[in-house]
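Keep the structure open as you read.

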Amino acid sequence: MSNSSRTAAIAGIGATEFSKNSGRSELRLAAEATRSALDDAGLSPSDVDGLVTFTMDSNAEIAVARELGVGDLRFFSQVGYGGGAACGTVHHAALAIAAGAAEVVVCYRALNERSGRRFGQVAVGATAVPTTSGADNAWHYPMGLSTPAATVAMAAQRYMHEYGATSADFGAVAVADRKHAAKNRNAWFYEKPITLSDHQSSRPIVDPLKLLDCCQESDGAVAIVVTSAERARDLRQPAAVIRSSAQGSGPGQFTMTSYYDRDLASLPEMGVVGRDLWQRAGLTPGDIRMGVLYDHFTPYVLMQLEELGFCGRGEAPGFIADGAIELGGRLPLNTHGGQLGEAYIHGMNGIAEAVRQVRGTSVNQVPGDGPVVVTAGTGVPTSGLVLSGA
Amino acid sequence: MDPILEAAEKVKAAGECSPRAGRDPVNLPLINNWVEAIGDANPAWTASDGVAPPAMIQAWTMPGLGGGRVDDDPLGIMTEVLDSAGFTSVVATNCDQVYYRYLRHGERLTVRASLVDVVGPKKTGLGEGWFVTTRSTWYSGDEAVATMDFRILKFKPPEPGAERPAAPAGAGGQVMRPLVTPDTAFFWDGTRQGELRVQKCGSCGALRHPPGPMCPKCGTPADGGYTVASGKGTVYSYVVHRHPPVPGKKLPLVIALVELEEASEGQRCRIMGELRGVKPEDVTIGMAVHADYDRIDDDVTLPAWRPAPPGEPLPGMVIKASTTFIVSSALATRDFQDVHHDRDLALAKGSKDIFVNILTTTGLVQRFAAGWAGPDAVFKSIKIRLGAPCYAGDTLAFSGHAEPAGDGSGEWEITVRGDCFLGAHVTGTVRVSVPGRNS
C-alpha cells in the first residue's frame, strides 16, 4: 500500500510553544505553527495548495492562507465534532492527495483554550444555537450535565459498574502520561511526574473523575504537512507514511452524550475507526509498536484499547496494569505526555508525536520500526491514523 | 425571665380560652360549596345523609367576614406581645389536624384554643423569630371531635439592605433553557403538565427518546404520537458534579441517566435529569427512581428524578391555582383574609399576588389522599408543614406514597408533597384507615 503512487505521508510537523497564556491571537498561533511545519518539511507556503482545520477552529483556511502568503488553494475543508476532528484533518488531506485534488495540504489547529474560552467551563450558549447540536444539548445542559468531564463521568461510572474498573485503573493512565511528560521539555508538566497516590488524592471534579483524570487546558497550535509519499521521499524529513486513515460515527451517535441507544461502557465510533484502520492498512493490533490515544479524560483511554482490539471488552484495567502502557511496557502510550501531560491541542500534538516515533526522534522513543496508531477525540464522532516509515 | 416567655407562661396557665360557636350547624349547602371549590368528588360528602369532609373542620367555626377572635384567644394575646417586641411579621408553618370522628349534618360546634408552647428566639431563613403553637379543640356539645395544632413563626423582618446569606456555590446565573423545536415541543409541553412523554412511532410503535422527526426503525415521519411514561425507572448511570459552577444549580449536583420501566429488550428508553432528594453517596446504579419535575418558569419544566419512595405511589394530582380557584376556595372555607381574594390589598401588603389559603391546602391534601384511599377511607389525621406560597396563576403538583402505619392499627400513612413554582408548598402525612385494605 505504501508503494502506491496515491499513498500520502506526513512530511512536516510544527508547533508553537504550549502555554497557559500565549499572549497572541489564535490566527498568529496558526500561522506560526503552519510556517514551522513547512520549514520542518523543507517546503514553502507557495507549495501549499490545501488547508484543513477543525470546525471549532476560529481561523478560516483563507485567513491562514493570507498570513502565509499562500496564493491559490485547490482544497480546503473543516472537520467537525471537536477533538474528533484531529486525525480527520489528515484523513481529508490524504483523501485529497490520493484523488489528485491537492499536492501539499497543511492541517492545523490553533487555540487559546486556557487564556480564552475554556472548554472545562460551562458553555452557557450551548442550548441557544438553532441547530441540531443546540437541540441535542437540550437533553442534558439544562439538567446540569454541562461540562466535558461530566459527560465522560457518566460513561466512566457505567464502565466501572459493568467491569469492576476502579479509579486507580484510570489513574494508571495519568501516571503513564505524566511520566512521559516529565522527560519532554515542551510539555507543560516537564519534570513533574505524579504517583498513583497523587491521582487518588486529587480533588473530585465530577464523580467518579478526579482532577488528575482530566487533561489540562492549554494555549498553542500544531500543524501537520501532508503530501504524497512519493514527494515526501525527497523532502527534508523521513516520511511518516499514512498506512490508513479513517473517520467513524456509531449508531445513536451524539456529541459526548451518546447515552440513549447503546451500552454506555463502550465507544462504538472508535470501533468503526479501528476496524477500518486495521483492514485498510492490512495490520492487526498486534503489529502496533506504540499508540497515541486521545486522552482528554483517562477512562476513555481504557475503552479505546478495547474498541481498537488491543484487549477484550472490560479487560483494559488488566491490560494496562504494571506499567504496560509506559515506556518499556508492552504498548507504550502517549510518549509525549499526552494531553494530560504535554498540552491540550485538541489531539493534533498527538499526531506530531506519532510522526516523531516514526522518525525516531521522540524523547521517549519506543524501539523498533513498527507502525504506530493515533486516535482523535473520544465520545464524539472521531478519527484515527496508522503511520509507519516508508 | 424573658418577658415573652413570661407572657407565654401566663397564657398557658390560663388553659382553654372561652368558646367560639360556629355560625351555622354542620350543613349540606356549605359542604356543597366546599366540595365544589376543592374539587373533592367523594359522594359521601354530598349525600343527604352524608358526613362532613374532615378537612373542613376549621371552616365550621371561622369568624366569618368582619368577625374576630375571642378576647382571651391565646394566639391573639401572643401576637400582641410579639408585635410590641418587634416581631411583627408572621408566617404559618404547621397545621396538624386530628379527627376523632366524622360530623353529621345538624351538629353545632364550638372551638376553644389553648397555648401549647412558645419557642425562641430562633434564627430562621426569614429572620429572627418565635414559634407559637396553639391547640384548637372542636366540641359537639361536650364531646371533643377534632383538634388542630397550629404553629406560626412571628419574626422580625430583616432591615432593608441587610446582608442576605451568601448564595450556595454554583447557584449564580440562570438555568440553561432547552432549545425547543417542532420535533421536541410535545416533550416540553408534557413536563410542564407533570408528564413524561416518550415519542411513540404511530406505525411500528417504537419508543424513542430523545425524540426526532422520523422513526429510525421504520422510516415513518413522526405524527406527534407519544406515550406517557409511568415515571418509574432505575438509575442506569449517574455523576456527582462538584466543579466548576453550573448556572442555576446548587453543587454538588447529582445527574442521573434513568432507564424507564417502559424499556424492554432491544428497546432502550432513557431520560436524563437531576436526581434530587438523595445524598450523593447514597446513589447507586440500579436504584429505583420516580419522575420529578423541576419547574423553571411558566415555559420550562425540566424532567428530574427522586428516589422511589417505599410503599405504594399515589396517582398524581395537578391543581391550576387560578385567581378564581384561590378566591372561591378561600370563601368556601370561610376564610375572608384579604390576601386570599383581594389582589390590590395583597400587593399592598408586599405579596406578589393573592395566594392559596391554608384551609384549602388542607382540603387539597385530603382530596389527593382520597384519590388513592378511595371514597370509603376514614381520615384520622392530616398533618402538614407549610412551605412556599402558591400564588394566582401557579400550578400545584401533588405527589406521595402510602405505607402501612406499622403500629398494629391497620391504618395507612400517606406521605404527601405539593410543589408549586417556588418549591414545596406543602409536605405532610395523612393517616387513614381503608376498609378492605388492611395494612
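A salt bridge here is a side-chain nitrogen of Lys or Arg within 4 Å of a carboxyl oxygen of Asp or Glu. Keep in mind that this is a predicted model. With that cut-off, Asp207(A) and Arg242(B) form a salt bridge, because their closest N and O atoms are 2.7 Å apart.

**Between the chains**

How many residues does each chain bring to the contact? Chain B gives 37 residues and chain A gives 42 residues. The size of an interface is often given as the accessible area lost when the parts come together. For chain B and chain A, the buried area is about 3,300 Å², with 66% of it coming from carbon and sulfur atoms. On the chain B side, Met176(B), Leu179(B) and Met272(B) stand out: they supply 22% of the area that chain B buries against chain A, more than any other three residues.

Now look within chain A, where Arg359(A) forms a salt bridge with Asp40(A), the closest N and O atoms being 2.8 Å apart. This one links distant parts of the chain: Arg359(A) sits in helix α13 (residues 348-359) of chain A and Asp40(A) in helix α1 of chain A, 319 residues apart.

**Two helix pairs**

Helix α1 of chain A also packs against a helix. Its residues are 26-41, and its axis comes within 9 Å of that of helix α2 (residues 61-68) of chain A, crossing at roughly 60°. That angle makes α1(A) oblique to α2(A), and the crossing is right-handed. From α1(A), the contact uses Leu27(A), Ala30(A), Ala31(A), Thr34(A) and Arg35(A); from α2(A), it uses Ala63(A), Val64(A), Glu67(A) and Leu68(A). By type, that contact holds six nonpolar residues, one polar and two charged.

Over in chain B, helix α2 (residues 28-38) and helix α6 (residues 323-332) pack with their axes 9 Å apart, at an angle of about 155°. So α2(B) is roughly antiparallel to α6(B). The crossing in this pair is left-handed. Asn33(B), Trp34(B), Ala37(B) and Ile38(B) of α2(B) meet Phe325(B), Ser328(B), Ser329(B) and Ala332(B) of α6(B). The residues of this contact divide into five nonpolar, three polar and no charged.

Where do the two prolines sit? Pro208(A) is in the loop between β5 (204-207) and β6 (209-210) of chain A. Pro210(B) is in the loop between β7 (207-208) and β8 (226-228) of chain B.

One more spot to check is Asp322(A), with phi near 60°, a positive value in a residue other than glycine. You'll find Asp322(A) in the loop between α11 (316-320) and α12 (338-341) of chain A.

Notes. Residues are numbered from 1 along each chain as its sequence is written. Chains are lettered from A and ligands numbered from 1 in the order in which they are written. This is a predicted model: local features need pLDDT of at least 70, side-chain atom pairs count only at pLDDT 80 or more; totals for chains, interfaces and linings use all residues. Side-chain values use heavy atoms; hydrogens and water are left out. Axes are lines fitted to C-alpha atoms, for helices over the stretch in contact, and angles run from 0 to 180 degrees between N-to-C directions. Helices (H or I, at least four residues) and strands (E, at least two) are DSSP runs, numbered from the N terminus. Angles under 35 degrees count as roughly parallel, over 145 as roughly antiparallel, 65 to 115 as roughly perpendicular and the rest as oblique. A crossing is left-handed if the near helix is turned anticlockwise from the far one by less than a right angle, and right-handed if clockwise. Contact means heavy atoms within 4.5 Å. Ala, Val, Leu, Ile, Met, Phe, Trp, Tyr, Cys and Pro count as nonpolar, Asp, Glu, Lys and Arg as charged, and the others, Gly among them, as polar. Buried area is the accessible area (1.4 Å probe) that two parts lose on being put together, summed over both.
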